[in-house]
Amino acid sequence: MKKRSKNERKKNEKKKNKAKRKLKEKQKRKQQLDRRIFAGQAGRKVLRDEVYHPRSLRSKAEVVTIDSVRPGEEDDCLCGSRLKFGDCCASRLHEGSKAMTTTYRLLDNNQQEAALLWCRVHLCWYILCHRAHTVPRLKMSEPIAGEILTIDIEALNENLRCLNHCYRVTGQGESFPHVLDAMDGVVMDQRWADKLMLFRALWWELEKNDPIQAAQCIAEIDVDACNDADVLAKYVTLHASQLPFDERVKLMERVCELTDEQEIKLQFRCLIGISYFLVCEKEKAIELITSAVDRYRLLLEEDRSLFGDHLFANALFMLGSMQDSDELVAESEKCFANFLGPERATTLTPFAKGDYLMHVGRCKAFLGDHPGAIEQYDKSLSIYDQPLARIYKAEALVSRGELDAGRELLENINREAISLEERHDYAMARTMLAVATQLEKDIENAKHALKAFETSEPLWTRQRDKWLITLLETVPTANAGWIVKMIRRLNRYAILQPNIFGLGINLNNVLEDITQRGE
């Protein structure tokens, strides 16, 4: 009886600790969502108090209330809903200052439609505050007006981010450009125009999966004058392949200097390292990525984030494969596995869960545990079927000696549906099969896959040409030791998928691809 009681107490204590961890992580996520917009409102209130109350700072501009600048009942609502003001935000405008708190509470309770309405109210209210309080001071060229304007731009930007999220989670993402049209000219400042270009680029990238149109939306940014880390980050990620090496690295360095977010610093420090690696400056790349990883590793827990931990795990694997380090890859495997642990408060999307299982498998394959890798790939594919997991499973099957099964898996992959980076991995898998079987048909298929992989990056070009030469020189009498050596090399090639680090991925909404709200 005593023993059972003691076990029950331990079990209950474990449940309590798990609940506490979940609550702590939930509160942390909420704080991350709140902090910018509430900081903007708080800063605006402090500045407003300085303007209205101290006699020495009293505004020379005429005091205007938001009621005096509100639209007519039959005018279009300022929030971009395409409804009349009287049918949209008018009746709730008096609660506008608290509307964002209500929005987040509703989102936490999975009441997305209601959250959308309150987010619109806050946006409408803040636009009227800007018109009533900031614009008159700008016209009077008051010194404090510039500070209030900066706060308004950031607060409206955060409001628009939240509204964008609400449109997406309620299945109304197609209508968000109407909101952006309504936001044109709301703030007469180039910084606001740049942010709207960023939102338009993100819409084309996420809703339409059209990176070319997204790049065009943000192409007019004056990168020399712009000091917005988010805007520059999206510009360089969408235009990376067209930018000369020096210009690409310079812009990435500026993003690192301008941002205060540690995960973005890690992201772009790694991207700078990748850029050097792709032009075959391996030692410089390793030095830069090692520095980025070490800096993130030393951060306090409260300074880390889910996205940062995601990048950290990928960086460890990439660095491990560059240096052929089992130790770094084993650490990477542990990081990926941590995302899947039951103690995690975060709820993963099927894609994210499948992706993390796939990466655990990739680490096991690097370390030579091919049966364990196959097990992880099967789990991944049962949750979310993605071509890359099939490619990696085929490699593991070949490494394990199940050549026919590996070939069958590769032949059933739709090559038209895979990305540039995945075509690289597909070519490597075909090469591994050809090296293992020494069959003329497999060798020809591998050559075809390598030749079909078009790239302008010097490293990938060199790697492709190296394996083409290897296959051209391969003869059926190749000894078993040579085959084993070549397969081990192929198992340990560096995964150079820059999209892991944000090239082509929306930084602002990446967590929506990793997590889903609710427990």
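The legends below describe an overview and two close-up views of a predicted model. Residues are numbered from 1 along each chain as its sequence is written, and side-chain values use heavy atoms, with hydrogens and water left out. Because the model is predicted, local features need pLDDT of at least 70 and side-chain atom pairs count only at pLDDT 80 or more, whereas totals for chains, interfaces and linings use all residues.

**Figure 1. The protein chain as a whole, with 22 helices and 0 strands.** Helices (H or I, at least four residues) and strands (E, at least two) are DSSP runs numbered from the N terminus. Of the 519 residues, 52% are buried, meaning under 20% relative accessible area with a 1.4 Å probe, protein chains only. Where contacts (heavy atoms within 4.5 Å) link residues at least 6 apart in sequence, 66% of them join residues at least 24 apart. The chain exposes about 25,000 Å², of which carbon and sulfur atoms supply 50%, the areas coming from the Shrake-Rupley method with a 1.4 Å probe.

**Figure 2. Asp-152 in helix α4.** This helix spans residues 145-169, and Asp-152 counts as buried because its relative accessibility is 0%. The side chain of Asp-152 makes a polar contact of 2.6 Å with the side chain of Thr-134; such a contact is a pair of N or O atoms within 3.5 Å, where, within protein, one must be able to donate a hydrogen and the other to accept it, and residues adjacent in sequence count only if both atoms are side-chain atoms.

**Figure 3. Phe-277 in helix α10.** Within this helix of residues 262-278, Phe-277 is buried, with a relative accessible area of 7%. Met-322 lies 45 residues from Phe-277 along the chain, and their C-alpha atoms are separated by 9.3 Å.

Definitions and conventions: Buried < 20%, exposed > 50% of the residue type's maximum accessible area, 1.4 Å probe, protein only.
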